[in-house]
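Please read it alongside the sequence and the coordinates.

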Amino acid sequence: AIDYGSFNDRGSSKDNATHSSSSSRPSSSAALTYISIGSAIFASILLFLSPSTTHQLPLLKMMAQQTTTDNNLIPDPSAYPHRLFIKRTNTSIPILGFPSVALARLSDPTQQPLANRAVHHAVEDLQIGYFDVAPEYGDGVAQERLGPALKPYRDNVFLAAKTMFRTEEGSKQDLENTLRALQTDHLDLYQFHSISTQDDVDTILGPKGAMKTFQKAKAEGKIHAIGFSAHSEPMAIQMIQSGLVDTCMFPINFVSYHYGGVGQGVLDAALAHGVGVIALKSGARGRLTTQSGDAVHVPQTFHHIPEWKRQEMIHYPVVTSPKYYTWYEPEDDPVELNKLVLWALNQKGVTAVLPPGTMDLLDGISDVVRGKSEVP
């Protein structure tokens, strides 16, 4: 199997969950036996800086050549179980999303046909109707590839995006860039990306914070709902309890839940406040070390990422999976991977999962839940 993906977000830590008042970026926790849920791990940001991936993609290149021109098919709304996601508007989504971070490796514009084929396969073959992306994935690459690829299906899918900018000014420009890249006039969901510290929450909700941008954009119809992803349980709970958000993304993983004690507090708060939850990292198997992973290089500048984030990446370096380009080691035994994903989907309060950011594992997960009326 050929992979060109990287996972979509950084993880949380037990340390993070216990330092609710700190604005510093915490280190990973030894409490999570197998999963390094550390700070500043946007490996996917840098994937576009790696050497050309064309030689790594013979399978997808072949698939791209076989793509038909018939884009009239739309994802079947009954292909997957749907769950209520945005209570305020009674909006439901399918339980499986497409990890658009996988497109971040396609940095060469001539690789657009590969992105087209990946999305075509997801929509028409796997019948996936929920897509999530962020400008941080490949420093704009993933959303630039997703826009043209998803355009034939845009009206029939749920599209979510994120911003790492915490201020009103920065997030406003970031939103406009994302709408342009995705070739759409609105997002079904816009999210604050990777909330980890008290400073993140205070800035976002402050007088000149990004929440101002979100609320204005919502009033203008540019976004239909407000959400966030987080990697600190206390910070996630604060955001949920603010009453200003519709959705939450948070790591819901068997090992971190049972051995790190991470996740139940978020699920309880979400249920109490009617907030939909997307489970991140459900398919994580293990942590990477400097011996088992590849080091990530941080460039001098980014185009779509705040400078504070670049500095964070310098001070909290990470490694990625040599095989999957993810910041953790995903479970790739299909039986065990499906057990992990189904466990997450069966936690009360979870709406859907975003699978590991690689096309190699997507089909197997889809096969387990596609065509079912309920989650197995």
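Which residues of helix α8 (residues 210–220) are buried? Ala 210, Met 211, Thr 213, Phe 214 and Ala 217 are the buried residues of this helix, where buried means under 20% relative accessible area, exposed over 50% and partly exposed in between, with a 1.4 Å probe and protein chains only. They cover an arc of only 155 degrees around the axis, so they lie on the same side of α8, the arc being that of the directions from the helix axis to the C-beta atoms. The buried residues of α8 pack against β5, α6, β6, α7 (198–205) and β7 (226–230), and just after α8, Gly 221 takes a positive phi of about 85 degrees.

This is a predicted model, in which local features need pLDDT of at least 70 and side-chain atom pairs count only at pLDDT 80 or more, while totals for chains, interfaces and linings use all residues. Residues are numbered from 1 along each chain as its sequence is written, and side-chain values use heavy atoms, with hydrogens and water left out. Helices (H or I, at least four residues) and strands (E, at least two) are DSSP runs, numbered from the N terminus.

The largest nonpolar core has 78 residues, and Phe 131, Phe 192 and Phe 228 have the most contacts inside it; such a core is a set of buried Ala, Val, Leu, Ile, Met, Phe, Trp, Tyr and Cys residues joined through side-chain atoms within 4.5 Å. Leaving aside neighbours within four places in sequence, Phe 192 is in contact (heavy atoms within 4.5 Å) with residues including Ala 210, Met 211, Phe 214 and Phe 228.

A search of the whole structure finds 15 salt bridges, each a side-chain nitrogen of Lys or Arg within 4 Å of a carboxyl oxygen of Asp or Glu. Three of them are listed here.

| Salt bridge | Closest N to O |
|---|---|
| Asp 132 – Lys 162 | 2.4 Å |
| Asp 188 – Arg 154 | 3.2 Å |

Glu 307 and Arg 310, by contrast, are 3 residues apart in helix α12 (residues 307–315), separated by about one helical turn. Glu 307 is partly exposed, with a relative accessible area of 40%, whereas Arg 310, at 10% relative accessibility, counts as buried.
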